[in-house]
Amino acid sequence: MIILLIIMNLFIILFLPFIMLGIIKKTKAFWGGRKGVKLLQPWYDFVRLLKKEPVVSSTTSFVFKIAPVIALATSITAGLFVPTVSGFSIITMDFAFIIFAYILGFGKFFSIISAMDTGSSFEGMGASREACFTALIEPAFFIVMASICAVVGVFTFQSLNVFLHNTDIIGVCIIVLAVVALFIMMLTETSRVPVDDPATHLELTMIHEVMVLDNSGADLAFLSWASAIKMVLISSIISALVIPVSLPFGLSALYYFALLFAISFAIGTVESAIARFRMSHVIEFVFAMSAIALVILSLITIRIYGG
């Protein structure tokens with residue numbers, strides 16, 4: 001059974017991102033009254049990019065060449081700590097959410113210095129924006145995770161599954177707010193609308209997309225794959241909050257994949273319903289996660305100490 005769960009976790013981490021991207025594209029096509037591309041079109045695009053030879057500027061150093069591999073490796077490694085089906089994670093340890101965040105941060109650091117390594121003012125602008133948003137997102141993520149772990153008394157990702165049991169109205173409010181905060185985090189970390197638009201090529205308005213303008217071929221494929229993996233990982237954390245751990249394996253797996261489908265549909269709907277925010281409003285949107293995290297901390301304090 002353990003071997004089966006490990007294989008399923010690796011499948012979810014490595015291949016489910018392409019399906020989620022396909023569902024997002026299908027959803028956007030549905031709301032636009034179009035048929036849209038095939039569900040597995042992101043996978044076909046990924047394979048096509050792998051067959052192309054990367055074009056590397058002569059002004060770049062070895063940092064630019066290794067950054068895409070490091071970004072992909074850190075996303076996959078971080079996924080080993082995240083619970084997926086039935087709350088199972090390949091690596092379970094105390095304070096795994098801290099290791100998870102800093103592994104992703106390590107990959108993002110190389111993505112940022114890779115963009116700056118090109119010497120392009122546009123990519124440097126995108127790198128500074130990416131660093132700014134990360135500085136706002138990480139503390140809020142730590143507050144959300146640490147607050148829930150403090151109530152349960154288990155400082156692992158598995159505490160998310162336990163939190164749903166024997167909860168009261170305050171606990172339900174905490175779960176709802178945590179889901180909203182993590183959804184904002186996912187849109188920010190994966191550079192989706194309204195934070196960024198993966199379909200645009202206007203340098204002055206881009207964040208992540210402007211950082212990868214000089215990447216091509218397999219390098220671009222690895223960066224796109226790493227970003228999609230983050231989407232699956234944060235969606236899995238959301239699922240751990242709302243799916244009871246006591247469910248049978250088959251029902252838990254069904255709920256898990258249905259929830260990831262619902263999150264993909266929600267992302268596609270958001271991208272169809274609203275446009276990308278102005279940069280000043282993007283900061284306000286990202287700050288909303290910090291505000292929600294502080295509300296969660298207040299509710300957790302009330303639940304522990306009363307008041």
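1. A quick word on terms to start: helices (H or I, at least four residues) and strands (E, at least two) are DSSP runs, numbered from the N terminus. Keep in mind that this is a predicted model, where local features need pLDDT of at least 70, side-chain atom pairs count only at pLDDT 80 or more, and totals for chains, interfaces and linings use all residues. Residues are numbered from 1 along each chain as its sequence is written, and side-chain values use heavy atoms, with hydrogens and water left out.

2. On to the fold. You'll find 11 helices and zero strands in the chain. The C-alpha atoms fill a box of roughly 60 × 40 × 40 Å along the principal axes. The radius of gyration (over C-alpha atoms) is 19 Å, which agrees with the value near 19 Å for a compact globule of 307 residues, the globule rule being 2.2 Å times the number of residues to the power 0.38.

3. Take contacts (heavy atoms within 4.5 Å) between residues at least 6 apart in sequence: 79% of them join residues at least 24 apart.

4. Now the inside. A nonpolar core here is a set of buried Ala, Val, Leu, Ile, Met, Phe, Trp, Tyr and Cys residues joined through side-chain atoms within 4.5 Å. The largest one has 77 residues, and Phe 100, Phe 141 and Phe 157 touch the most other members. Helix H9 (residues 217-242) gives this core its largest share, 14 residues. Another core, of six residues, lies apart from it and includes Ala 115, Met 206, Val 210 and Met 211.

5. Phe 157 deserves a click. Setting aside neighbours within four places in sequence, its contacts are Phe 81, Val 82, Pro 83, Ala 96, Phe 97, Phe 100, Met 145 and Ile 237.

6. The loop between helix H7 (169-189) and helix H8 (208-211) holds Pro 194, and the peptide bond from Val 193 to Pro 194 is cis, with omega near 10°. Ser 191 sits in the loop between H7 and H8 too. Though not a glycine, Ser 191 has a positive phi of about 55°, and Ser 191 is buried at a relative accessible area of 2%.

7. Please check Phe 95 as well, in the loop between helix H3 (62-79) and helix H4 (96-117). Phe 95 is another non-glycine residue with a positive phi, about 55°. At 39% relative accessibility, Phe 95 counts as partly exposed.

Technical notes:
Buried < 20%, exposed > 50% of the residue type's maximum accessible area, 1.4 Å probe, protein only.
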